[in-house]
Amino acid sequence: LQPPTNSRVYVQTADVLYYIDPGVGSDLVEIGPFTGDCTTGSGMYDIAIDGLSNIVGITAEALYSVNKDTAVCTLIFTFPAGSPHFMSLSFVKGAYPTEPDTDWLIAA
């Protein structure tokens, strides 16, 4: 079974955003280094992609939106001093029974 084209899977290192489109091939494509608000500090720990292909990224210091075409980061929220260091992000559909079609961002 062949995945459809434009079925991108986004991946990252601490400094660079990439994608693989299994519907097109197996090449890892570099989008580019993260730029903008997230370029100082610990580097990108994790990213999560919602149902509309919006990317959110997390560092030790803050949460960012990430442009999927340019890897430019925009600050969403700065974690207060003494906050736990979240290492993982995921969007979960239906996390709340009253909103079964909503993507909810979960951090761990």
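1. In strand S7 (62-66), Val 66 is the bridge partner of Ile 55. Strands S6 and S7 pair in the antiparallel sense over four bridges, where pairing requires that DSSP find at least two bridges between two strands. Strands are DSSP runs of E with at least two residues, numbered from the N terminus. The model is a predicted one, in which local features need pLDDT of at least 70 and side-chain atom pairs count only at pLDDT 80 or more, while totals for chains, interfaces and linings use all residues. Residues are numbered from 1 along each chain as its sequence is written, and side-chain values use heavy atoms, with hydrogens and water left out.

2. Strand S5 (residues 46-49) and strand S6 (residues 55-58) are antiparallel, with four bridges. Five residues lie between the strands of this hairpin, and Ser 53 takes a positive phi near 65°.

3. The open sheet consists of five strands in the order S4-S8-S7-S6-S5, with mixed pairing. Strand S4 (35-36) and S5 are the edge strands; each has a single partner strand, so one side of each is left without a neighbour in the sheet.

4. The largest nonpolar core has 14 residues, of which Tyr 10, Leu 17, Phe 34, Met 44, Val 66 and Cys 73 touch the most other members. A nonpolar core is a set of buried Ala, Val, Leu, Ile, Met, Phe, Trp, Tyr and Cys residues joined through side-chain atoms within 4.5 Å; buried means under 20% relative accessible area (1.4 Å probe, protein chains only). S2 and S7 each supply at least two residues of this core, and S7 gives the most, with three. A second, separate core of six residues includes Ala 48, Val 56, Ile 58 and Leu 63.

5. Beyond its neighbours within four places in sequence, Phe 34 is in contact with residues including Leu 17, Met 44, Val 66 and Cys 73; contact means heavy atoms within 4.5 Å.

6. Asp 21 lies in the loop between strand S2 (16-20) and strand S3 (28-33). Asp 21 is buried without a salt bridge, and the nearest side chain of opposite charge, Arg 8, is 4.6 Å away. A salt bridge requires a side-chain nitrogen of Lys or Arg within 4 Å of a carboxyl oxygen of Asp or Glu. A polar atom of the Asp 21 side chain lies 3.2 Å from the backbone nitrogen of Ser 7. Leaving aside neighbours within four places in sequence, Asp 21 is in contact with Pro 4, Thr 5, Asn 6, Ser 7 and Arg 8.

Notes
Buried means under 20% relative accessible area, exposed over 50%, partly exposed in between (1.4 Å probe, protein chains only). Lys and Arg count as positive and Asp and Glu as negative; His and the chain ends are not counted. A polar contact is a pair of N or O atoms within 3.5 Å; within protein, one must be able to donate a hydrogen and the other to accept it, and residues adjacent in sequence count only if both atoms are side-chain atoms.
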